[in-house]
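Subject: Handing over the structure

Hello,

I am passing this structure on to you, and I hope you enjoy looking through it. Please open it first and then read on.

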Amino acid sequence: MATAPALELRAIDKRFGAVHANRCVSLAVAAGSVHGLIGENGAGKSTLMNIVYGFHRADTGEIRVDGRPVEIGRPRDAIAAGIGMVHQHFMLVDNFTVLENVVLGSEGGARLSAGAAAARTELQRLARDYGLEVPLDAEVRTLSVGLQQRVEILKALYQRARILILDEPTAVLTPTEADRLFALLRILREQGRTVIIVTHKLREIMAITDRVTVLRQGAVVHETATADTSPRALAEAMVGRSVSLQFDRGAAVPGAARLTARDVEVRDGLGVARLKDFNLVLRAGEIVGVAGVSGNGQSELLEVLAGIRAPTRGEVSLGDRPLVAKGLGPRIRRRLGLAHVPEDRLKLGVVSEFSAEDNLILGYQNGSGWSRGGWLKRGALRLHCAAAMADYDVRPQDPTLRITAFSGGNQQKLVLAREIGAAPSVLLVGQPTRGVDIGAIEFIHRRLIALRDAGVAILLVSVELDEILSLSDRVLVMASGEVVGELARADATEQRIGLMMAGVKGEGRS
Amino acid sequence: MSAARRLPRWAEYTLLPALNLTVALLLSGVVVRVMGESPWAALKLMVAGAVGTQDAIGYTLFYATDFVFTGLAVAVAFHAGLFNIGGEGQAYVGGLGVGLVGLAAGAWPAWVAVPLGIFAGAVFGAAWAFIPAWLQAKRGSHIVITTIMFNFIASALMTYLLVNVLIKPGQQSPESREFGAHAWMPPMHELLARVGIPFAPSPFNLASGLAVAAGLGVWALLWRTQWGYALRVVGRNPAAAVYAGINPARITLGAMLLSGALAGCLGVNELMGSQHRLLLDFPEGAGFVGIAVALMGRNHPLGIVLAAILFGALYQGGSQISFDLPRINRDLVVVIQGLVILFCGALENLFRAPLAAGLARLRRTGGS
């Protein structure tokens, strides 16, 4: 290569105690390119990028920017070297304006006004050059997630970043917003900036990157030009064995109605409707997928169905037993055969400080297998947990280990083991593969299909369109708290769902 | 990320508290020095005063018993996610229950009077905790605020009762008359003498056995029962508790009732075991020391028993210093306690990272 790479990592090695997070990682990112970094959870992607951005310091190894070695001990050094980072969870101050957020950290003096005026001119120039239109005087909290992300990018550019790292940038975006982001990244590339995108979505890697690096267990296992590879080859490189993300499954044979929701409405504390006129008949032996961008009423829906939240209006019935009118809460609903894998595992699904075995009985602490007369039978519980771990291939197989010591995929398998283990007739599943590695995704999907075939009624809420498409027998699309369309499996395509998610109605409810 | 900062379990429970305690004592030594006494002499006096003789040990364990009750009270509430600062008031009002039984006991046999006194102490303590608990569970009033305020109310109430109602007629100081002798907790030196072990007389009494039993009970309840499981879920993750069908309000009430009952047992040790009458301000801050004891004992009953013995020794040894060294008064004990609380509680993590790094380095060089 004639010119030096914009960013070069040489033999980066990093340990956290016993965990070898990065093993001698070498990576060269050409200037003016979009480089993808993929790998399963825990493969070391985030550690590597945090080293580049100065959150961590490598044990050994060297970072070079434009061919010159740089010493990066903290984010300020990274920014000075021309590296900017957009985190998955935005680092913005909600009640500051866009302008204030952008100049935060580079105010240029004790008096804000002078710096702000200069910043305004500069930002307007950047906005013009890159098509990054953002209302500078709007408070950040009033902006959509897509716009907030633009503020982050704008901020990095304002700090003169020539290398931009994006961590899972599309996790919170609609497909349309993601397309807009990609268009922006292409402009940045044309202008000679370098982009590194960290993601687990193979589709995005294929769509936007020039080269891609695959990490597995902390080491680079594969690096190639994107044009020379395929999603399947990348997935195999990530997992280290062949995986099938698309698998054959028989058509559903829907049976009797198991869970019915009628005219359910949820209003929040301010009286804003979060869920409007929701109707559903969920039948035995089918998977109904609920698609939509996060925050469009799906969480409220799951909470109402599970009994965590009371609806403002409407009724939910299990079989022909009304639940809301009788005031039946999660405990009774569980006993009646309604299991729930919550969307946010760490917030609802597990107690982080508890061991695996203690988490395996959350909600089922009165279960006859491990309790009698108010007492917990520790020995029986341990055996039960060991059996579940073997059945669900949870690693490491140690019931006494804290739940947070397991990877996201293994945590999720434990939650599934718990909820499926109760032999439910209805299973509510929220984001079953969030923060879960590909190997575990395959496992979880197969379990869900098997459960459906065994006659369980499953409601699947997911923001991952791929997941909805590969599992659902019917798809409900939600936007702004409403079902904006329903598609049969055969009619459900990414485009149609994407359009509905963006609020384009008129696709007809069949 | 946190892996580098994690200490091995044994170091977590032994090395770290020992280090924190040492630093607290070193600083106390500086204070003693500034006051013009020799820190070394003070330390020797303190150790001798706390564990040097049989009666010193008796006193140390007597005080430790108070702290076990209040420490357990704090820990039970803590596991339910509640910071009960009202141990002092609950102990005080619990003492009222103990006292009423003691005064009424008269000629009741001991096997009636003693259990009844324990029961009354627990019930009165629990009742005093119930109101803040109810306000927290049903109205969202913060339990830290309400329990603090209930300490003052308890103090005012008890003063009123002792000055106006329960005072022994024809007497100046606000104290009740002596309890019936059957409502006295048997002293340990008598019990030991009965099995042929001579032990110097001290207020150390059978209530210490109750405290140990309470510790075992709390342990079994929290880690071996469904209710304890539910309580810990509520304390760690209330949202997950709701998801699991556990009612946090009911757990809040139950945990605070138990917490108050444990604090209320302090009167069993102080009043039935030692004073044998009801008197003003008998908890003497043990309710607050319980917070430090629970902190230092990591809210685990075994840790609490050990921390309570340490604080008992500090208390007893500290009073010995103030007897023997003229320039030092009893408040030094409070200073030392404060420093111990500071280093074991507030600054608990101060030495964690360096210690973890040091141990990791040791292991690496040792292993390779």
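This is a predicted model: local features need pLDDT of at least 70, side-chain atom pairs count only at pLDDT 80 or more; totals for chains, interfaces and linings use all residues.

Residues are numbered from 1 along each chain as its sequence is written, and chains are lettered from A and ligands numbered from 1 in the order in which they are written.

Chain A brings 26 residues into contact with 20 residues of chain B (contact means that the C-beta atoms of two residues, placed from the backbone, lie within 7 Å). On the chain A side, helix 10 (330-335), helix 11 (345-349) and strand 18 (375-376) each supply at least two residues. Helices (H or I, at least four residues) and strands (E, at least two) are DSSP runs, numbered from the N terminus. By class, this side of chain A has 13 nonpolar, 8 polar and 5 charged residues; Ala, Val, Leu, Ile, Met, Phe, Trp, Tyr, Cys and Pro count as nonpolar, Asp, Glu, Lys and Arg as charged, and the others, Gly among them, as polar.

Next, chain A itself. It is divided into domain 1 (7-239) and domain 2 (257-349 + 423-501), with bounds that come from an automatic or database domain assignment. Taken over C-alpha atoms, the centres of these two domains of chain A are separated by 33 Å. Their contact takes 9 residues from domain 1 and 10 residues from domain 2. On the domain 1 side, helix 6 (175-190) and helix 8 (231-239) of chain A are the elements that give two or more residues, and helix 8 has the largest share, 3 residues.

In chain A, 6 strands form an open sheet with mixed pairing, in the order 6-7-8-3-9-10 (two strands pair if DSSP finds at least two bridges between them). Strand 6 (83-86) and strand 10 (219-225) of chain A are the edge strands, each pairing on one side only. Strand 6 runs parallel to strand 7 (residues 163-167) of chain A, joined by 4 bridges, and Gly84(A) stands opposite Leu164(A) in strand 7. Helix 8 of chain A packs on the sheet, touching strand 3 (34-39), strand 9 (211-216) and strand 10.

Best wishes

Key
Axes are lines fitted to C-alpha atoms, for helices over the stretch in contact, and angles run from 0 to 180 degrees between N-to-C directions.
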